[in-house]
Amino acid sequence: MAIAVLVVMPCAHAAPPKTWSRIVGNFCIEGIPDTAKKIEQAEESNGVVIEQFDIDYKADASSYPAMMRVFREQPKASNVLTSCSQLRGEVVLQGRIKVLWIRRARATVSSTPSYFEVGRVPGSELKAELTRVDSSLAPLYGGNLQLGGQGGIGNSRRAWLRNVGVIQASTGAESMGALDIETWGRHLSGAKLQLPGNDETHTVNLSAGNANIVIRSQLDGSATELIHGALRGGPFTFQLDALSLPTANLKGVALKAETLVLSADELGASLHMTNLRYTAEGGLLGSPDTVARLSQVAGTGARLSSSLRQGAEYLAFTDPELFAHAARGRDCAYAYSRVDLTAANTCVVQTEYANRDGFAMEFLAHGPASTVAKEAFAAAGEVRWSLSNADSLDTLSGSFERPRATLGALQLDAGRVDFVQPFKNGPVLEIPFSVSIGPASGSWDLRAEPGRAVIKGQLDELLLRGTVGIPLETPDDWIIRIRQDDFRFGGGVAAELQPHIYGGTPLLAVGTQLAFRSDSDVAVTRQQARGSVYTRVSAFGLSNMDIELGEGAEALVVEGPLKFEAGVELGYLLDNGTASIRSGKVDAQHLHVRTKPNQVGDFGPVRVQDADFQVARIAAEFRPAQEAGTLEVNDVQLAVGAIEQKPDVGADQFRWAGDLVGPFTVKALHAKLAPDQPGGALKLREVSLENVSLTLAQPRVGQDDALNFRGRSLSLAFDLISEAEVRGKFDMADASIVANVDKGDIHLRDADLALILTGGPLNSPNGHGRLATRAADVRLDADMEIKEACEGEPHYRSLPIQIDFHIESLDMALAIQAGRLNGRGEAGVSHSLIKNTGTYDCPKQIVDWPIVKEVRAKFKYPCPTWRKPLRMCDGWTTVIPEVRVGVDREFKIRHLYAAGIFREIGMEISSDGESATKFKRCFRSGIFVPLIDVSYYVRPRTSLRVADEIIDEMTDAFARPLTTALVSGITGTISNTLMNEPLTRSFLGGLCI
């Protein structure tokens, strides 16, 4: 690059003084007086003279005008004598020289006096002050910065120049070096601004005002840079599809900035946008791993800054830094690792600072807000999450004011819950937390069911620390884990208590101090809570406690208060709020126990309804978990509406029931308290009653689906009755038997039943007894099997019959084995009747002979169609039919009627407990007369239907009287034999049906 310098210095009242002018490359000076130049050194090298010189020039009123010009490219001259002012080319900078100061400049001496072939000025050794400056500088960030009057305030056209580095120029080559130009009152018009997050550029105009700025212009005019000072503009508004601020990505943005400042100093150029206000459709704020989601965003920011690359084509926030940013929005959610930690209707996200090195921001929402593990934590006050980032690592902490912590059935209204840095444990995000009371005490309550607090109090003491584990893929499956030693709370009882301990109401005065502790680690999920809490009280009572003395309904109520001895431990399951007495003793006298209205209750192995108990004493000892406590009840008198042995599953169960008449007394009841109480009534196990006596009206004794006895009254006396063993006796008057026999009924009249139970379980005892009756009626339906093969039948056929007999007396010994009632005995004089209820028909083929085979004749006959009028078809006809001869036998019973009178009948009643009662009867020593209408004959059969019909009628007419007379004679022989020669050889024998 060449520099041409022209300095012109007029002289008043005389010819112009001799001046010094030089043109080197695209740089020239003209009009500097020779007196201002001082040659410090001159030397010759290879025929070339090189001068080192200084210039020290300052114009005054009498000075001849001097000029400095800088061209974008080497200017054109019409001849070698063309001066600086006469050069033609695109001027970057020109002006009149008011001051020019040069030191240690070196240049070759050309044969043409006005030109240097080579010129060099050391760095910082050229200083100049110009007036009447004009310029055509390269764009500054896409905008036009002029140094003339049109580019500033008023007629400000003064500039101060100095070279930054070495200026070197030679004829025919590009100049090297740059000039720093200081000026004031400049305007930058049409600069281009690109906001982060979009590719669109916006036009802005900036001004230096009355302040000085320093720009740097390369001597080749290739670039313009702002070196010192500031250019300002504003306000500006922008409509943006997207805007990416540090820690904030917004969409649908309307942005307003009060000022935009382009500044530079020794550290470099920078860009500042101040007092930002915007609205956005939505935004994501935070880091890639921790982000807040907002909609309908309204935000402000104190300053958005960035360094600038010198010589860039447009202004851009290449490394933005944001200060004092606040974004308010609706439908807010705050998430860490894609797991929502808080959701709120409105929120604000405040960023103290954010840059490429890190940031500090806060998410704020005011309750009510749903939070991490929303079913367990809810915030009524402020929710705050603080996030900082350094070295690309997030540090997160949070707090909820006035939180409600729900751990299963336990609800805590505390002052504050704090969360610290989450961490990943495999696929689970773990968030440590702690809950504190805060300045004001909170409250606690335990709920037996949603919405119903059974005990509540003031929260004066609280220690609660744990972790929330949230699966990254299924965040709703969160789990809260609390170690045993990190959980306790307590305070005074705040209100009257609801019934919740074994159905009774604890007698604890308002203000009673309770201190709860956990007896194990606690785990809470959306579906359940594992763990329990306990507390100890010095004075305790329980009113109207429900008890379950067996497996039945929880229907027994101990009325009135039960006062316990000092030192009772109460436990509460966190899953459902079930309360229990974990340890304690009670010994109470003269109590009243009743069943609940219209409900049955188990009194050990006895089930009662509408019962009223008078109890002389109840003593119970509750023991710690995994140990069974004990209960003892003494001297019980009952009045009940209905009573029965407690039912059990199975048809073979031995049972008794009836209506209580007279006293029902129990000397003692012993039971164990179940160590694991699931809630509701106080459950007792292994209940046993001693010395029990009662009398029942309309009693029922026996097996449900088999053999039962009913009577007028039943007296029971038990030495012991329990699930495991029963000993006692039954005496039933006017008993009648009700039996579900195979096919029929048994009815006893004027019977007495006595049973003695000698042991065995309650539902399947052992024992013996006796049944004596003076009359009995039996009706049975049976099938009389006839062992004759029939055509097409795989088994023998039977004749259905009905047996009715009446017994004058019966004496039967009874045995009870594993709850099954069996009997065997003998009946006195009886009469019986047997008759058929259906018919018997048994045909059988004996012979089937073919005599003549069938003969057929074939022929053709016309069968025309429209398409084939001459068509013929094949046909056939039977000339000689087939003739077959067969022989069948037929056995028919049309009617059976038999009557008998017997002096002895052996009888046996048995039951397997799974089907109907088996009733076996054997007739011995009597007369038995049967009358039978029966036919048994053979007959021929042909293939001719008419002939077969004639043969059937003739055979039936002749065979029927013969077979009936034959069978009647046989039965007469049977009757005579039974009368005179008993067939029995054992207890059961004779004719058994």
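These legends accompany close-up views of a predicted model, taking the disulfides and then some backbone details.

**View 1. The disulfide between Cys28 and Cys84.** Let us begin with one of the 3 disulfides counted in this model. The sulfur atoms of Cys28 and Cys84 are 1.9 Å apart. Cys28 belongs to strand E3 (residues 27-33), while Cys84 sits in the loop between strand E6 (67-71) and strand E7 (91-108), so that distant parts of the chain, 56 residues apart, are linked. About the S-S bond the angle is 50 degrees, and the link is right-handed. Cys28 and Cys84 are both buried.

**View 2. The disulfide between Cys332 and Cys347.** Here the S to S distance is 2.1 Å. The disulfide of Cys332 and Cys347 is left-handed because its torsion about the S-S bond is about -90 degrees. Cys332 lies in strand E23 and Cys347 in strand E24, so this pair ties together parts 15 residues apart in sequence. Cys332 is buried, with a relative accessible area of 3%, and Cys347 is buried too, at 6%.

**View 3. The disulfide between Cys863 and Cys873.** In this pair, the sulfur atoms are 1.8 Å apart. The link of Cys863 and Cys873 is right-handed, with 90 degrees about the S-S bond. Look for Cys863 in the loop between strand E66 (855-862) and strand E67 (872-880), and for Cys873 in strand E67 itself; the two are 10 residues apart. Both cysteines, Cys863 and Cys873, are buried.

**View 4. A cis peptide bond at Pro235.** Now for the backbone. The peptide bond running from Gly234 to Pro235 is cis, and its omega is near 0 degrees. You will find Pro235 in the loop between strand E17 (224-233) and strand E18 (236-245).

**View 5. Asn275, with a positive phi.** Although Asn275 is not a glycine, its phi is positive, at about 50 degrees. Asn275 is placed in strand E20 (residues 268-286). Its relative accessible area is 39%, so Asn275 counts as partly exposed.

**View 6. Arg338, with a positive phi.** Arg338 is a residue other than glycine, and its phi has a positive value near 70 degrees. The loop that holds Arg338 runs between strand E23 (321-336) and strand E24 (339-355). Arg338 is exposed, because its relative accessible area is 65%.

How values were computed. Residues numbered from 1 in each chain as written. Predicted model: local features only at pLDDT ≥ 70, side-chain atom pairs only at ≥ 80, totals over all residues. Heavy atoms only, no water. Helix = DSSP H or I, 4+ residues; strand = E, 2+ residues; numbered from the N terminus. Buried < 20%, exposed > 50% of the residue type's maximum accessible area, 1.4 Å probe, protein only. Disulfide = S-S within 2.5 Å.
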